[in-house]
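Reader: Could you take me through the aromatic rings in this one, up close? I'd like to know what pairs with what.

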Amino acid sequence: MAAGPAPPPGRPRAQMPHLRKMERVVVSMQDPDQGVKMRSQRLLVTVIPHAVTGSDVVQWLTQKFCISEEEALHLGAVLVQHGYIYPLRDPRSLVLRPDETPYRFQTPYFWTSTLWPAAELDYAIYLAKKNIRKQGTLADYEKECYDRLHTKISHAWDLVLMQAREQLRAAKQRRKGDRLVIACQEQTYWLVNRPPPGAPSVLEQGPGRGSCAASRVHMTKSTDFYKQEIEYCRRAMGRTRVKSSVCLEAYLSFCGQRGPHDPLVSGCLPSNPWISDDDAYWVMNAPTVAAPTKLRVERWGFSFRELLEDPVGRAHFVDFLGKEFSGENLSFWEACEELRYGAQAQVPTLVDAVYQQFLAPGAARWVNIDSRTMERTLEGLRQPHRYVLDDAQLHIYMALSAHALPTLTLSQGSAFPTWLGPPWPLSCQCSVLSTHRVQRRRTGPDHMLKKGQVSI
Amino acid sequence: MAREECKALLDGFNKTTACYHHLVLTVGGSADSQNLRQELQKTRQKAQELAVSTCARLTAVLRDRGLAADERAEFERLWVAFSGCLDLLEADMRRALELGAAFPLHAPRRPLVRTGVAGASSGVAARALSTRSLRLEAEGDFDVADLRELEREVLQVGEMIDNMEMKVNVPRWTVQARQAAGAELLSTVNAGPSSVVSVEERGGGCDPRKALAAILFGAVLLAAVALAVCVAKLS
């Protein structure tokens, strides 16, 4: 085959491992004593040897690898799909039928290979040969491919036609049976390598193959290579890590907590809109709805963040704060959120507004932040940027979750649903607030709240 | 005339490459044998000779600066066809090396794949070497030495291709092929007589068997008719 498309730089072409394994299976089938039973195919005048039936193949696979019949059927089907065995009666459908359907083995030259990919020039020669043999009656997709190839490699078209004619003449020197077999082999090869539209391509490797890990192997070991390696290792050592026991514990508790709330895992009531075409579920769970569902309110109990992120929950909380506490903490928190996620051009004006409203001594809605954080924030305000109020925001968040929320649940006569039960677990160690008295208990999602990241 | 000579050399090279491709198809299959390996060797050596001479002629012509524009276009067309054909030959040779190493005949590591191709390929090799018939008897360990030689020859062909690219610079996209898409159908219609001839050739190939069958059938029929006549006369 002519040289196919060039391999990606830094990575030489290699045979894919699953193809090598299939080749080994096919070769072990050829053993004269322990291989598959061969029969002869009887056409009108000619007799062609080396035909196998589907049931023989399945039986051999079952015996050789000691697997169930279902698995042997699947393995045989994979071999046929990749073109190592091809059917004789219906050559276009590459499926394995476990009955008396005859099959034959493909010649090693035409084995599916990523080491020797099929080239456009060869496909053009094959189509030209088929055109000559069948006097122009190609399949539709083949006609399209032919025209497309002619546009692509029109400069080589003389060669294509010369080779096609000569290859046909060379084939005529063989006896009829061999000619038929070789034609079938070539047809199977091109069915696998250029499948008709709608048929799955077994050679598709999917995105993301050929990762940089593979390319790194082939670099020559120069000083640059070692410098890169050292840098890579240094960075790897500096990354923060969490012990898997801790992670997994957190993960398990997260899944246990969220399991009943996940519509895929526990189903969604009243019905899945995608299945039943009834959008009651979406209407009931709209972002701003008068009566939130029970599940939704339960979710507010998981963490303070859930409560704040849900618009209905936040509205409830604001109401409550308005009555029992002053609402400036939550307003300050919301203003900080706006700063973090707002437009870059608004940052200086917004920072100014926040300072005037919440942080300046004697401001209208002054928030209570501890002195150290306040000092740090005021310093940072000299060069305002998006995250300058992060520390203060975190402080306020902690204050809200530590003091306001427990009061919220335990308060009598609040409009807040009272079945919310005991105070929910609070966030864990936060090195920023070492002086603040916060209930410390490890939980899953809040465990991620480290080092000044309030949300996300 | 240089053009006719180059064209003839190119046609010969093209024919040999096609025959070589056809022979390499069966390596590793049930038709693989030491004879096949020897036929492959002879075919590729002939192909290489033709390649060298074609290359020399075409390079000499194309490096001649005093060539007219349309003549140059014609020779560039031949050049593109020749280099494509040489690429095909090199790829087939590499493939033959890989398959020959994977399926050694002298000390077989694994059984040959039973593909159903059983006949001899001497006709193809004879066509490649432009002889009437070919009878080869290869020794039992022919393929071992052959593989080493094949490796050397693959490198030689690779070098030839590199030299070609160095000496003559023909941009592929400027070459206009003479034959359009679908020209192979027109030529089969035009070359009606030749296809009929080829059919006759093929018919000639199995003529003895068919003639014998016809004669036997005729004889049996005559005997049956004679018997029937006798029976009718007697009764």
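Author: Here is a look at the ring pairs and the charges beside them. This is a predicted model, where local features need pLDDT of at least 70 and side-chain atom pairs count only at pLDDT 80 or more, while totals for chains, interfaces and linings use all residues. Residues count from 1 along each chain as its sequence is written, chains are lettered from A and ligands numbered from 1 in the order written, and side-chain values use heavy atoms, leaving out hydrogens and water.

Rings of Phe, Tyr and Trp (its six-membered ring) pair if their centres lie within 6.5 Å; planes under 30 degrees apart are stacked, over 60 edge-to-face, and the rest tilted. That rule gives 17 aromatic pairs over all chains. Take Y126(A) and W190(A): they're stacked, 5.8 Å centre to centre with 25° between the planes. Y126(A) sits in helix α4 (residues 120–134) of chain A and W190(A) in helix α7 (residues 176–193) of chain A, so the pair ties together parts 64 residues apart in sequence. (Helices are DSSP runs of H or I, at least four residues, numbered from the N terminus.)

Buried means under 20% relative accessible area, exposed over 50%, partly exposed in between (1.4 Å probe, protein chains only). Y126(A) is buried at 4%, and W190(A) is buried at 3%.

Both belong to a cluster that ring pairs build from Y109(A), F110(A), Y123(A), Y126(A), Y189(A) and W190(A). Charges join in too: one sits over a ring if NZ of Lys or CZ of Arg is within 6 Å of the ring centre and within 35 degrees of the ring normal. R194(A) lies over the face of Y123(A), 5.4 Å from the ring centre, and R95(B) over that of Y109(A), at 4.7 Å.

Key:
Helix = DSSP H or I, 4+ residues; strand = E, 2+ residues; numbered from the N terminus.
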